[in-house]
Amino acid sequence: MRLKHYILVCITLALSFSAFPQQGRQKRADTLFNKFSFVKAAKVYQELIQKNYNKDYATRRLADCYALMRDPKNASRYYKSVVKQENVPIDYYYRYAQALRGIKKYKESSIWLKRYKDSGGVVNSNDFSKDANFITSVFNAKKQYFLDRVRFNSKYSDFGAFEHNGKVYFASSRDEGVSIKRLYGWNEQPFLDVYVTDVGSRRNVDHTGKLKGDVNSIYHDGPVTITKDGKHMYYSSNNFSNQIEFKDKKGMTNMKIYRATYRDSIWTDIEDLSINSDAFSTQHPALNKDDNKLYFASDRPGGYGGSDIYVVDINPDGTLGEPKNLGPIINTENAEGFPFINQEDVLFFSSDGHTGLGLLDIFATIKDEEGNIADVVNLGVPINSNKDDFSFTMNPNGITGYFASNRTGGRGSDDIYAYHREPTLHVEGVVTDAINTQPIEGAKITLFDDKGNQIAYMETDENGFYQINIDRNQDYKIVASQDKYIEDYREFTSKNIQTELITINANLLLNPVPNVVKLAELNTIYFDFDSHKIREDAAEELDKIVDLMTNDYPEMVIRIESHTDSRGALTYNDKLSIDRANSTYEYLISNGIDPARITAHEGFGERRLTNGCEDGSKCEEEEHQLNRRTQFIVVKME
């Protein structure tokens, strides 16, 4: 068999999908971005730009970070570069316009808004307003969240879903399955209790799903938050203890935050906290990731409006410090409540005082480079509606979570909604040498859309690895190239894949660029029957190989494989093939080839016949001759 049959031009693209998170700077930056940690994300995107790693994508994300950090000056600086990119999504025309408006370049902003509109974008009338919220406009330029079905809602009020260790805890007034119901006079629904169910459960949650222990009382209880170790629960409840209901001077029973301990499989040892008072309400507890700060809502004196958000330190012994109001960037003259802190210390809350879509809307805080809260951003649709939207929580993955709303179309008065953020999708893979299966460092990877526009360009790392973020529902062509390797491409698609999937694997094999005429000279050599002597015609072929390895490919490494025909005993043929491999090896070495450039010289006896001339078969001598051979396999070209 001629060597050219071994050097087929091939590049295989194996598409497989994985939901496992990937490591590396870009993944870290995207994770931080998705968790609203824009300052940290910006630093990592800067590093990616400096290393020229998927630079266009990193520049777009960096511009978004500055926009969301309320820094239109730097945002416009990077958006200016972004809008010059080939085939940039038209959303970035809109974002650049908003950034320009943020630095009061209204005329130039209008030009880019018009370009956005002319490119097919939809422009709202208030997009031309000088007073519209800059970062909210940028954040909501593209849909951020997608809703998922929740099966445990009831016809009553359900809210405050909080996921912990495979369970979902929530507050509900359902009280289904009991014969006697206590009704809350305000809405003639049963009082709230805390319920728990398995994540993803499809069964109805009735009174048997009530939290076990002493948390639930005859009045309102919930929502809750739980420490990471699962030992303590903080929860809202009416001011009621020892079977006594306490009221303020106006005759109102206020809310308090209590702490319970998990002991013997139940929640017990209820503690009244020092931040509580009979004179005002304290409710909606939320813990930071280290469980050493408690955020809550309260209408205590000294606030900015009806209800403000506060934070208090939790000391190592469990005692609490002095509550601190989070200030006027968050708190308004109206009502703020239902705080939640994600893993990146970003605060989410509900408010009817900030500009929103309806009544209570859900907002997130934005920090500046010093770590101070600089602004808030409305999470937009579908999280917010024209009704009340509240009790937002986010799971540690930064992708999924819950909120509640009384919007039209729900099952009860308040319903729990699950959401997911569409995770970033990327194509990744390893580029390897098809001859020696080693990774190729510095291979050029170019990604094109279905119109032939270049989207991204990068080079593989020392492990031959590359990763490029891509959009969903698109067709792509990926091209791999490298000096002295054959360029090739494959087309693939990101259409109709599951939302949870984040990776398309595209492992590529590249063949070295050979001198086809020269390599064709590495012909198979043949032997006489029952002989390992190098024939004259074989010597001519071996001399060509010596010349090729000496003058044309001085770094080429080969492997020698020798064979016999089927005639003779198996053990004898094994030894004969080894003798043929040795004689071939010795000829090359004696003519100046470095032994290190021949990785192996092996005999395979009659085990690898090229035709059907097995024992007992009637074959002509010419057919047997084809099996008495030595072949040369290229292991490395350079």
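Visitor: Why does Asp269 count as partly exposed?

Guide: Asp269 has a relative accessibility of 36%. Buried means under 20% relative accessible area and exposed means over 50%, with partly exposed in between (1.4 Å probe, protein chains only). The value of 36% therefore makes Asp269 partly exposed. The model is predicted: local features need pLDDT of at least 70 and side-chain atom pairs count only at pLDDT 80 or more, while totals for chains, interfaces and linings use all residues. Residues are numbered from 1 along each chain as its sequence is written, and side-chain values use heavy atoms, with hydrogens and water left out.

Visitor: What makes Tyr93 and Trp112 an aromatic pair, and what kind of pair is formed?

Guide: Rings of Phe, Tyr and Trp (its six-membered ring) pair if their centres lie within 6.5 Å; planes under 30 degrees apart count as stacked, over 60 as edge-to-face and the rest as tilted. The centres of Tyr93 and Trp112 are 5.6 Å apart and their planes are at 45 degrees, and the pair is tilted. Tyr93 lies in helix α5 (residues 91-102) and Trp112 in helix α6 (residues 106-118), so the pair ties together parts that are 19 residues apart in sequence. Tyr93, at 9% relative accessibility, counts as buried, and so does Trp112 at 14%.

Visitor: Why is the pair of Phe349 and Phe363 called stacked?

Guide: Phe349 and Phe363 are 5.8 Å apart from centre to centre, with 25 degrees between the planes, and the pair is stacked. Phe349 belongs to strand β19 (residues 347-351) and Phe363 to strand β20 (residues 361-367), so this pair ties together parts that are 14 residues apart in sequence. Phe349 counts as buried at 1% relative accessibility, and Phe363 is buried with a relative accessible area of 2%.

Visitor: How do you know that Arg421 lies over the face of Tyr145?

Guide: A charge sits over a ring if NZ of Lys or CZ of Arg is within 6 Å of the ring centre and within 35 degrees of the ring normal. Arg421 lies over the face of Tyr145, at 5.0 Å from the ring centre. Tyr145 also forms one aromatic cluster with Phe348, Phe392 and Tyr419.

Visitor: How do you know that strands β4 and β7 pair?

Guide: Two strands pair if DSSP finds at least two bridges between them. Strand β4 (residues 167-172) and β7 are joined by six bridges in the antiparallel sense, and Asp198 in β7 is the bridge partner of Lys167. Five of the six residues of β7 (residues 193-198) are buried.

Key: Helix = DSSP H or I, 4+ residues; strand = E, 2+ residues; numbered from the N terminus.
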